Amino acid sequence: PRQPAKTLWYDRPRYVYLEFCVEDSRDVKVIIEDQRLVFSCKNADGVEFYNEINLYARVNSKDSREKRSDRSITCFMRKWKEKVAWPRITKENIKPAWLSVDFDNWRDWEGDEEVERAMVEQYAEV
């Protein structure tokens, strides 16, 4: 049986970030389309995770990436319209039980572009 992975998200001026919280993930598949993201993987116990998100707004799928760590898979998606805040990650105005705002990474945008650029470059180096 498949289940959704616990997912955290936060918004930045140029990118939207999603973190799928699955430890020891394997068979990770991330499909980032202009209006949709599909995530699937298995954990060490063989449990299948699957999330499909119709995105609030359009992203540039060619300039979007994911990075896997031992604890999670982080996706960063380049916004089509930069510096436009997303009030939510989903197109539909409903909040799935598995989706939460990542308040540890949520902050005001004032002077944030340098920090964001450094984060993206750090991910790109892997």
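How many salt bridges does a search of the whole structure find?

Mentor: The model is a predicted one, and a search of the whole of it finds nine salt bridges. One of these is formed by the side chains of Arg 58 and Asp 34, which meet at 3.6 Å, N to O. Because Arg 58 lies in the loop between β6 and β7 (59-68), whereas Asp 34 lies in the loop between β4 and β5, this pair ties together parts that are 24 residues apart in sequence. Arg 58 is partly exposed, with a relative accessible area of 35%, and Asp 34 is likewise partly exposed, with a value of 27%.

Strand β4 (residues 26-32) and strand β5 (residues 36-42) run antiparallel and are joined by five bridges, and a hairpin of three residues leads from β4 to β5. Within this pairing, Ile 31 has Val 38 of β5 as its bridge partner. The sheet itself is open and has four strands, in the order β1-β6-β5-β4, with mixed pairing. Since β1 (2-3) and β4 stand at the edges and each has a single partner strand, one side of each is left without a neighbour in the sheet.

The side chain of Arg 78 meets that of Asp 63 in a salt bridge of 2.5 Å, N to O; as Arg 78 lies in strand β8 (residues 73-79) and Asp 63 in strand β7, the pair ties together parts that are 15 residues apart in sequence. The side chain of Arg 78 also meets that of Glu 82 in a salt bridge, here at 2.6 Å, N to O. Arg 78 is buried, with a relative accessible area of 16%, because the cut-off for that class is under 20%, whereas Glu 82, at 33% relative accessibility, counts as partly exposed.

Key: Residues numbered from 1 in each chain as written. Predicted model: local features only at pLDDT ≥ 70, side-chain atom pairs only at ≥ 80, totals over all residues. Heavy atoms only, no water. Pairing = 2+ DSSP bridges. Helix = DSSP H or I, 4+ residues; strand = E, 2+ residues; numbered from the N terminus. Salt bridge = Lys/Arg side-chain N within 4 Å of Asp/Glu carboxyl O. Buried < 20%, exposed > 50% of the residue type's maximum accessible area, 1.4 Å probe, protein only.
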